[in-house]
Amino acid sequence: METVSRSLAFGGVQGVYRHASSSTGTEMTFSVFVPAHAPGAKLPVLFYLSGLTCTHANVTEKGEYRAACAEAGIVFVAPDTSPRGEGVPDDPDGAYDFGLGAGFYVNATRAPYATHYHMRDYVEQELPTLIAEQFPVDMTRQGITGHSMGGHGALTVALRNPGRFRSVSAFAPIVAPSRVPWGEKAFSGYLGDDRALWADYDAVELIRNGARLPDLLVDQGAADNFLQEQLKPELLREVCDAVGQPATIRMQPGYDHSYYFISTFMADHIRWHAARLR
């Protein structure tokens, strides 16, 4: 693991790191904030999955999480959204919602993406193992959150791994990607046209089919321009109500899809995770 940068922040260390990934067959970059702590202490860890077009840098630079994490004593981990580098295929038309920056946290099975686009394996297996080996974390106290495409990732990773995460939240998640244009394009390109294969990457379908979370917090901006066509939080609310899945889904008047929205509610989410990770 190579250290790209390290900076002091709120008494802790904000680092950016790079390593060769066996999951993606590329170099992967991620950021980690480690708050000040007693020697030998093991801290709870919160994974954050970013949205379309993002890298690790977006939340690292604009997420405003460090003060809350320093206060709560939580390690904050933010990986990239897709493999990158020479030979990694992109959208043939250069669209922003598929290919580089739009890995959708799936294991692609369709050529030419199947070689490198294994973000599911990366965020579920490889990255947590690396974090456990290299940083002072207590892996019995894990939380996960994310934004938009990353909210989709956070929900589905947690639903597929019962018992791993004590806390799960999301900002403006794509809750039913099988039923919206972003997800239909991504799943067709990465997985093919058999919709039965898509259900493993759809939070609404996973809950409908029996997967459960200990609790769930979702914040959604009411002025989000993607709300009606791509996000559809009402579908998540409906399935949670139908099966008795505990969920707090809050509509925030006037807020859009940007990091202005995320940074406004980030500290609240971290406090919510901290209460469950203690």
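I began with strand E4 (residues 43-49), which runs parallel to E6 and is joined to it by 6 bridges. Strands here are DSSP runs of E, at least two residues long, helices are runs of H or I of at least four, and both are numbered from the N terminus. I count two strands as paired if DSSP finds at least two bridges between them. Tyr48 has Thr145 in E6 as its bridge partner.

A note on the source: this is a predicted model, where local features need pLDDT of at least 70 and side-chain atom pairs count only at pLDDT 80 or more, while totals for chains, interfaces and linings use all residues. Residues are numbered from 1 along each chain as its sequence is written, and side-chain values use heavy atoms, without hydrogens and water.

Next I checked E6 against strand E7 (residues 165-171): the two pair in the parallel sense over 3 bridges. Ile144 stands opposite Val168 in E7.

Is E6 buried or exposed? I found 8 of the 10 residues of E6 (residues 137-146) buried, so the strand is largely enclosed by the rest of the structure. Buried means under 20% relative accessible area, exposed over 50%, and partly exposed in between (1.4 Å probe, protein chains only).

Then I looked for cavities, meaning sets of points on a 1 Å grid over the protein atoms alone where a 1.4 Å probe fits but cannot get out; lining residues have an atom within 4 Å of a point. I found 1 cavity of 30 Å³ or more. Its lining includes Phe47, Ile144 and Phe165.

Terms used
On a 1 Å grid over the protein atoms alone, a cavity is a set of points where a 1.4 Å probe fits but cannot get out, and a pocket is an open set with protein on both sides within 12 Å along at least five of seven lines; lining residues have an atom within 4 Å of a point. Grid points are joined across faces, edges and corners, and a volume is the space filled by probe spheres set on the points.
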